[in-house]
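Have a look at the model before reading on.

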Amino acid sequence: LKAVHLDGNHFLVSDNLQGQTEVVGVHIFTRSAGRTLAEIDYQGATLRSIPIPAVIPYPYKFVAIPDGRFAHLDNDNDRIDFTDAQGNFICTVPMPDPSPEELQCAYGIVVGNRLIVSETGTRKLIQVDLTSYQASIFRDLSDYSTSWLGAIDYYDGVYYLCTYNKVLRFTESGAIEEVATFTKNNLVGLAVVDGYAYVIINCYPSEVDRIDLQTMTAEPIAADLGYPESFAYIPVNLTPPITR
């Protein structure tokens, strides 16, 4: 896990973690060894471990829900599994209009009382009511992208969404607009903060680009991050661990 400041300065937080990172408020969650989620502190130490139940066959990615629940996104079996804050299984929600493709990408965010998931096999966004666990198609982007749909974020009433080399944006029911196109491919992380979108490009060499959402211009601010899998914004100024 690496911390990247908004000016591009970055440093190692922990080398004992793997996979995706999620932030809720000032809480950091990430995958740790095996079928386990971990909440970690700002120095990379584990505060608590949350098991992933064996009934969930393929927990590819996860979404930390603000009330403490977790949504596990299964991109092989086209399902979303919910657990509580302690890792107890709640229910399974089948993805509507599943794709015959296997192992497509899937990312999720919480907006109000809905979980919004980018399920890429059919290039449609899914919404799940977090009270009733009813799922439906939210937006169909098949006319706007011929590639997978990836990382997604929401800021000030606007959704931002990555394809393999573009960032798109749209409101709840408004038209879809292209924000930026990159010559490099494989956008795997997106965070929108105070008028800028920050994008991680997972190729060699990997980099973080900052997009000015007023001028629609992008510039690289950090590089040589290894092969990152995800990106999340935390409103805390992290400092290098004393052991680094």
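What volume does the second largest pocket have? The second largest pocket has a volume of about 650 Å³. This is a predicted model, where local features need pLDDT of at least 70, side-chain atom pairs count only at pLDDT 80 or more, and totals for chains, interfaces and linings use all residues. Residues are numbered from 1 along each chain as its sequence is written, and side-chain values use heavy atoms, with hydrogens and water left out.

**Pockets**
- A pocket is an open set of points on a 1 Å grid over the protein atoms alone, where a 1.4 Å probe fits, with protein on both sides within 12 Å along at least five of seven lines; lining residues have an atom within 4 Å of a point.
- A volume is the space filled by probe spheres set on the points, which are joined across faces, edges and corners.
- Lining the second largest pocket are 29 residues, and E22, V23, I109, D153 and A232 are the closest to its centre.
- The largest pocket holds about 810 Å³ of space.
- Its lining has 35 residues, with L1, K2, A3, V4 and F231 closest to the centre.

**Sheet**
- Four strands make an open, antiparallel sheet in the order β7-β8-β9-β10; strands are DSSP runs (E, at least two residues), numbered from the N terminus, and two of them pair if DSSP finds at least two bridges between them.
- β7 (61–64) and β10 (89–94) each have a single partner strand, so one side of each lacks a neighbour in the sheet.
- Four bridges join β7 to β8 (residues 70–74) in the antiparallel sense, and K61 has L73 in β8 as its bridge partner.
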